[in-house]
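Take a walk through this structure, one part at a time. Keep the sequence and the 3D view side by side.

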Amino acid sequence: MFAGIDVGSLVTKAVVLRDGKVAGYSIISSRTNPRKAGEQALEKAITNANCKREDIKCIVATGYGRSSFSFADKTVTELTCHATGAHYLNTEIRTVIDIGGQDSKVIKLDESGKMSDFAMNDKCAAGTGRFLEVMAQALEVGLDSMGEFSLKSDKPCSLSSICTVFAETEVISLIASGAKKKDIVAGLHMSIARRVGSMAKGLGLQKEIAFTGGVAKNSGVRSAFEEFLSVKFAPISEDPQIIGALGAALVASKF
Amino acid sequence: MAEYTKMWEDIGLDLKRHDTLLEALGKIYGDVYMTQTNRPKGMEYFDFVVSEVHGLRIKELMEHKEKGGKVVGTFCVYVPDEIITAAGGISVGLCGGAQFSIPDAETILPTNLCPLIKSAVGFKLGKICPYFEAADFLAGETTCDGKKKAWEILDNYIPTYIMEVPQKKDAIDRELYLKEIKAFKEKMEKEAGVTITPEVLGEKIKLMNARRKALERLYELRKSSPLPISGKDACLISQIAFYDDPVRFTSKVNELCDELEKRVKNGKGVIEPTAPRILVSGCPMAVPNWKLHHIVETSGATIVCEETCTGTRYFDTPVVDETPTDIDGQLKAIADRYLNIKCSCFTPNDDRIDQIIQFAKDYHADGVIYYTLQFCLTYNVEYEKVKRALDKEGIPLLKIETDYSEEDTGQLKTRIEGFLERIS
Amino acid sequence: MEGEREMWKAQGIDLKRNDEFLEAAGKIYGDVYMKQPNRPKGMGFFDFVMSEVHSIRPKEMIDHREKGGKVVGTFCVYVPDEIIFAANGIGVGLCCGSDFSFIDAEDILPTNLCPLIKSGMGFKKGMLSPYFEACDFIVGETTCDGKKKVWEIFDNYIPTYIMEVPQKKDPKQRELWLKEVELFKEKMEKESGVTITPEVLGEKIKLINARRKALERLYELRKSSPLPISGKDALLVSQIAFYDDPVRFTSKTNELCDELEERVKNGEGVVEPTAPRILVSGCPMVIPNWKLHHIVETSGAIVACEETCTGTRYFDTPIVDETPTDIDGQLKAIADRYLNIKCSCFTPNDDRIDQIIKFARDYRADGVIYYTLQFCLTYNVEYEKVKRALNKEGIPLLRIETDYSEEDTGQLKTRIEGFLERIS
């Protein structure tokens, strides 16, 4: 059996593979201590997979905190892991858009599932999970319910800010001016789609396209992307948030 | 504007996005311009031009092309319109003032680039601007790093010719620029298949000088108190100068000036004489970039002059010397006049600083707003020298660095209102 | 060095901050350089130079001035050292590689400015660099908007002379540049009171050519596999070339090359031959900016070549023609050689793109990292053309735009490791 740990800036994910299939996984907050979060996530995934630590032959760590997880046999970047994970679930995938806590990435894959090119945001929280988190707080809306909330909007607000700090101010002034929260949320989602979508266009968008990372669970951002890029995302059969950890586990199985 | 749909389709515009743009433009224009009170009647023509911005003028350009004439797109006050028109061409200052097209450009240009360049390249890439599509080629220059290098990329989408504007104003630089002017004349002759004669060139020099004089007359009137025209309206006229037919434009501006002269005589203004008068100095504002003017003029102040490329730098005296009657003499007169423009791309550029101080006095400005587009290095760095000089003169100064987005409007309003409180 | 504190004090250096800087730089040097395994013995000289970076060389400069010689600070590979040395001067590339001095410049410069310029201005204004304080004057150029305009501000703190580097390479620009080189010779003669004779100039042409040849020899050796020297060490040698005594530097570099030749002969390398080889292309890296090289070389790869101003652009062939024996011919040879440098300040600059492709092959690079300093517009915009060309050739390319801070190190590491995963 093999395990992959994806130590993100906000959330840590672990996947345990048995016979090339997902046997168990876990998603926990990594906020306090990335080192401990890695171990806890691994333990939890092992429990969920109904196996023991000794059964794991190889562990690959990925994500922002990959080097702080000392039990890893190898570290690989989340770029390779998202490509590998997405290819495993659907061999037709040629582009992966991954939005995590502090990074947004667009990854191109060749037919064998190998990463062939990528683009990442610059050092700025614009267009990341952290951006949404800040806005959810400003709006007093649950982060998890933003997606459904925005889908009810028929007139999304136009938000000009991509900067997290400015956007927060803009959101607050929109609330003050009486704009509906669902319209503001829909506007925020469009702003992310434009930001990351432009990056994807710059890299050259090839079908099929998968959307992974924690933000991919937000149906509002998904549909904003689909509108902006005029594409439909390919369905993937696992939780989009664990694709990086899944990829890491797959890398471990070939190591 | 349904009657133009076919024309837009024929020249290859992305109709859906173009519609969105026009709709947005109409709305902004309504909010910014039509809400003003006490406007001169002569502004009706310019309102009409804006309402036909992608219609009638484009139709004229297309008709000109059908008759074999050339349309040349430009971006900078250093490209001599005299030569373009003498070769039977029409010169149009291209679109580069809207946030709308910036995401298109960011797929091939760095984000840390001035919004004017990104906006323009985006208009071409996204096929959103009919002026770009009507142009046979572009005449770019080397007045900043961003444009200089972006031309090379734009050349993949539309033929782009580059004139070198030197970086100092010594004798060798004047020589180089004169040679560039001559090379541009040859380029225009080749493209248009005509030979530029001294007669025609002399005529076009007079034509462009007349346009300059009309604008100068307008700006002279802005020295009066109470002010007969808003800064927004004057700014619009300067912007329209870049793409309207020069003969018609000049006559309409002079008509407006006749009206404004009467206002001045009668002591009639657009705003009470106590409103703070602001001199704006810095980067160009391309249509529909009315952001700064709108904030200033909805905060109780008014703008009396723009020391910018879409302001005094466009028509600044001396005009081209009309006395030479041979081509060499005419080209030298053109080169001399253009190289006299005080752009921050030159080092040093101290004449500009003297001029700002002079303007602040002539236009009775209560304060100067130094306006720069984000990432415009030359104007941004030159600020430090301007600041030292204006501090010494005791002229209040506020620096605003911004782009085309609305995200900083609230912050800008606070800073500008604070500045007005400070100077009043 | 004994007496260094007295020297700094006499120079007016801010001693407290100088101590802080030297301590921080020493720590970085220890972390980045001294932990490398298997370094060539010949690097001992360069380690020594670094350990005395603010002491021995500034002392030599002060001594040179006491004997009546001039010390001239420069920032760019377009300022001809031949002429400075021929007028009994010392040319020294100035400090601008650390964010330590930003705080001293930020009150007079815009934030959106390249870190190299901000750092240089800060070192001067904050009295942090014994090199700046040892200079009689500095020679700037017009290779980018940022520097061009900041020289004007520099001039308030230290006399600053500006050479105009043109923006195209046509015959009329070559003429302008030759004239600028001639004027610079006159300037140096006037400053130093020395008349530059063909004999002395010929000698100095040979001297600077010898430095170029030594560096070329070093870079030739980096084409071998396994690599006999790390990218970090080679970069350091290039960086030190800008300020060390040219005779000593050339001899020490040649000694190092003798050792490296032995290594190549014995198949001895600093990393296993399977480590991915990276060509770095783009902006200069000034001491102590070893950020990119350090990340690459602690991620299992190695830098095989720098197509940068602190790399091939500094010594790039052809060298100055040594055959002319008269001043005019020599100055023309100098002008020709310098104008051949492939900087993105020119439009077009397609030779550079061909050269990147050639270097990628010659240095057996597995991939190219396009490195730009934040807000360096010319290199940032030129990326798009490089990308198109390299994509066509199938050469993997990663773009990194960064400044001198450490805040993006984690993210850069992910990008670079991802790139290495992609190309391996």
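Helices and strands here are DSSP runs, numbered from the N terminus; a helix has at least four residues and a strand at least two. The model is a predicted one.

Start with a loop. In chain A, strand 7 covers 104-109 and strand 8 covers 115-120. A:Lys114 sits in the loop between these two strands. Is A:Lys114 buried, exposed or partly exposed? A relative accessible area of 32% makes A:Lys114 partly exposed, because buried means under 20% and exposed means over 50%. Now look at what surrounds this residue. Neighbours within four places in sequence are set aside here. A:Lys114 then contacts A:Lys108 and A:Leu109 in chain A. On chain C, A:Lys114 meets C:Glu421, C:Arg422, C:Ile423 and C:Ser424. A:Arg94 is 20 residues away from A:Lys114 in sequence. In space, the two C-alpha atoms are 9.6 Å apart.

Next, step back to the domains of chain A. Domain 1 is made of 1-90 + 236-255, and domain 2 spans 92-235. Their centres, taken over C-alpha atoms, are 24 Å apart. The contact between them uses 20 residues of domain 1 of chain A and 26 residues of domain 2 of chain A.

Chain A also holds an open sheet. Five strands make it up, in the order 3-2-1-4-5, and the pairing is mixed. Which strands stand at the edges? They are strand 3 (21-29) and strand 5 (74-75) of chain A. Each has a single partner strand, so one side of each lacks a neighbour in the sheet. Strand 5 of chain A runs parallel to strand 4 (residues 58-62) of chain A, and two bridges join them. A:Val60 has A:Lys74, in strand 5 of chain A, as its bridge partner.

Two helices pack on this sheet. Helix 1 (residues 34-48) of chain A touches strand 1 (2-7), strand 2 (11-18), strand 3 and strand 4 of chain A. The direction of helix 1 makes about 145 degrees with that of strand 3 of chain A. Helix 8 of chain A touches strand 1, strand 2, strand 3, strand 4 and strand 5 of chain A. The direction of helix 8 makes about 140 degrees with that of strand 1 of chain A.

Now for the nonpolar cores. The largest has 174 residues, and C:Leu218 and C:Leu236 touch the most other members. Helix 8 (residues 243-254) of chain A gives the most to this core: eight residues. Both domain 1 and domain 2 of chain A supply at least three residues each. Leaving out residues up to four places away in sequence, C:Leu218 touches C:Ile229, C:Ala234, C:Val237, C:Thr253, C:Leu256, C:Cys257 and C:Leu260. A second, separate core has 150 residues, including B:Val72, B:Phe75, B:Cys305 and B:Tyr383.

Finish in chain B. Its domain 1 is 2-195, and its domain 2 is 203-318 + 344-423. Their centres are 22 Å apart, taken over C-alpha atoms. In their contact, 48 residues of domain 1 of chain B meet 48 residues of domain 2 of chain B. B:Glu189 lies in helix 10 (residues 171-192) of chain B. B:Glu189 counts as buried, at 15% relative accessibility. Beyond residues up to four places away in sequence, B:Glu189 touches B:Val194, B:Thr195 and B:Ile196.

Conventions:
Residues are numbered from 1 along each chain as its sequence is written. Chains are lettered from A and ligands numbered from 1 in the order in which they are written. This is a predicted model: local features need pLDDT of at least 70, side-chain atom pairs count only at pLDDT 80 or more; totals for chains, interfaces and linings use all residues. Side-chain values use heavy atoms; hydrogens and water are left out. A nonpolar core is a set of buried Ala, Val, Leu, Ile, Met, Phe, Trp, Tyr and Cys residues joined through side-chain atoms within 4.5 Å. Buried means under 20% relative accessible area, exposed over 50%, partly exposed in between (1.4 Å probe, protein chains only). Domain bounds come from an automatic or database domain assignment. Contact means heavy atoms within 4.5 Å. Two strands pair if DSSP finds at least two bridges between them. Axes are lines fitted to C-alpha atoms, for helices over the stretch in contact, and angles run from 0 to 180 degrees between N-to-C directions.
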